[in-house]
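Please look through the sequence and the structure below before reading on.

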Amino acid sequence: MFETLIGNEPVKSFISKLLQTGRFPNAILFAGPSGVGKRAFALETAKAFVCSGGGCGECAACRRAGRLTIPKPDKRDDFKEVTFTEHPDVGMVVPFNRNILVDAIRNLETEAHFRPYEAQARVFIVDNADKMNDAASNALLKTLEEPATTSYLILVTSRPDSLLQTIRSRCQTIRFAPVAANEIERHLIDSGKFAADDAAFAARLSGGSVAKAIGTDVEKMRAARDAMLGVIENVLTKRVAAALQTAERMNDAKNKDDFEENLGVLEGLIRDAWLLRNGADSSSLTNADISVRLQTISSGANSATLAAWLSEIELMREHFVVNINRKIATDACFVEMAGV
């Protein structure tokens, strides 16, 4: 099992050991960064309970357990119940918009107390478990407090601290790490959808997220990086007007959905320049392919200045929580970075 999943080898070994020794807990929490494959791991784990071979991945039971159709976003009522795979003993609760509906958790409680239809046990996955509100969380607690011996719950989240402490205390936590860039790069190349240079670029900028790397529009991301490099070079040379023109484009209506991504690119470039300024090897950089250009930037700004720029960007993010005007905030940030 897990042969088709990349990264997190220690997690694979640990889960396999739990299954082999019959010590898999009735409630377990898969916690880690977004896009590292936690949901895929949960589905693969579920196969071990419905497959006579412990999750071979090839038998009819495994294939059925791996086929899941998420309800369409305009069908709210479909999100009020557990969404089952093609196997009747493997189901998943998924959020409707940004919330897991309390009805779905109540339905999970009912289903969890039914005996398995075909397999030795039933497995229920709560995806994005941090999207449960208080009502849904309290409903889940009822299931966790009185677990059925033939049902297993796997909670998946990238924000474990958002869960009630009483929920976390009733689950064994398994922590996932970002996937190494070289593993993601190899996966992208093997998929046949990325050229070697594009795969390396997408892997480095993914932050260890396989999903993010797969979804990378390489041409668009390279253009975004060039634009953010321009911002840094403009604030260094006090060409504030040019930086503000970029801020205008970042906040244009047609680009608003890319704003956070662009901001993340800007942070990554500044962080790389800071690392170079502090003696890091260029091969360790996220943007190692443009290390020469980053070296020029790091030579033009001291370590304290680069660190202050990162603080300015983080401060701007905090202001967004109170719905501050993004254009005004971006302008102010770039002006502050230029020191004028």
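This is a predicted model: local features need pLDDT of at least 70, side-chain atom pairs count only at pLDDT 80 or more; totals for chains, interfaces and linings use all residues.

## A serine in a loop

Ser 209 lies in the loop that runs between α8 (196–204) and α9 (210–214). Is Ser 209 buried or exposed? Its relative accessibility is 7%, and because the cut-off for a buried residue is under 20%, Ser 209 counts as buried. When neighbours within four places in sequence are left aside, Ser 209 is in contact with Ser 34, Gly 35 and Ile 184.

Most residues other than glycine have a negative phi. Asn 8, although it is not a glycine, has a positive phi of about 50°, and Asn 97, also not a glycine, has a positive phi of about 55°.

Where are these two residues found? Asn 8 is in the segment before α1, while Asn 97 is in the loop between β3 and α4 (102–112). With a relative accessible area of 11%, Asn 8 is buried, whereas Asn 97, at 59% relative accessibility, counts as exposed.

## Helix α4, another enclosed helix

Helix α4 is largely enclosed by the rest of the structure, because eight of its eleven residues are buried. The buried residues of α4 are Val 102, Ala 104, Ile 105, Asn 107, Leu 108, Glu 109, Glu 111 and Ala 112. These buried residues pack against the strands β2 (83–84), β3, β4 and β5, and also against the helix α5 (134–145).

## An isoleucine in helix α6

Ile 167 has its place in helix α6, which is made up of residues 165–168. With a relative accessible area of 0%, Ile 167 is buried. Not counting residues up to four places away in sequence, Ile 167 touches Met 132, Ser 137, Leu 140, Leu 141, Leu 144 and Leu 155.

The largest nonpolar core has 78 residues, and the residues with the most contacts inside it are Phe 30, Leu 266, Ile 270 and Phe 334. Which helix gives the largest share of this core? That share, eight residues, comes from α12. Leaving aside its neighbours within four places in sequence, Leu 266 is in contact with Met 228, Val 231, Ile 232, Ile 313 and Phe 334. A second, separate core of 25 residues includes Leu 29, Leu 108, Phe 124 and Ala 136.

Asn 262 is found in helix α12, which covers residues 259–277. At 11% relative accessibility, Asn 262 counts as buried, and Asn 262 touches Ala 224, Met 228 and Met 250 when residues up to four places away in sequence are not counted.

## The chain as a whole

The chain has 15 helices and six strands, and its C-alpha atoms fill a box of roughly 70 × 40 × 35 Å, taken along the principal axes. Of the 340 residues in the chain, 46% are buried. Among contacts with a separation of 6 or more, 68% are accounted for by residues 24 or more positions apart.

The accessible surface of the chain comes to about 16800 Å², and 48% of this surface belongs to carbon and sulfur atoms. The chain has 41 positive and 44 negative side chains, and the centres of these two sets lie 1 Å apart.

Conventions:
Residues are numbered from 1 along each chain as its sequence is written. Side-chain values use heavy atoms; hydrogens and water are left out. Helices (H or I, at least four residues) and strands (E, at least two) are DSSP runs, numbered from the N terminus. Buried means under 20% relative accessible area, exposed over 50%, partly exposed in between (1.4 Å probe, protein chains only). Contact means heavy atoms within 4.5 Å. Accessible areas come from the Shrake-Rupley method with a 1.4 Å probe; for residues, only the protein chains shown count as cover. Lys and Arg count as positive and Asp and Glu as negative; His and the chain ends are not counted. The place of a charge is taken as NZ of Lys, CZ of Arg, CG of Asp or CD of Glu. A nonpolar core is a set of buried Ala, Val, Leu, Ile, Met, Phe, Trp, Tyr and Cys residues joined through side-chain atoms within 4.5 Å.
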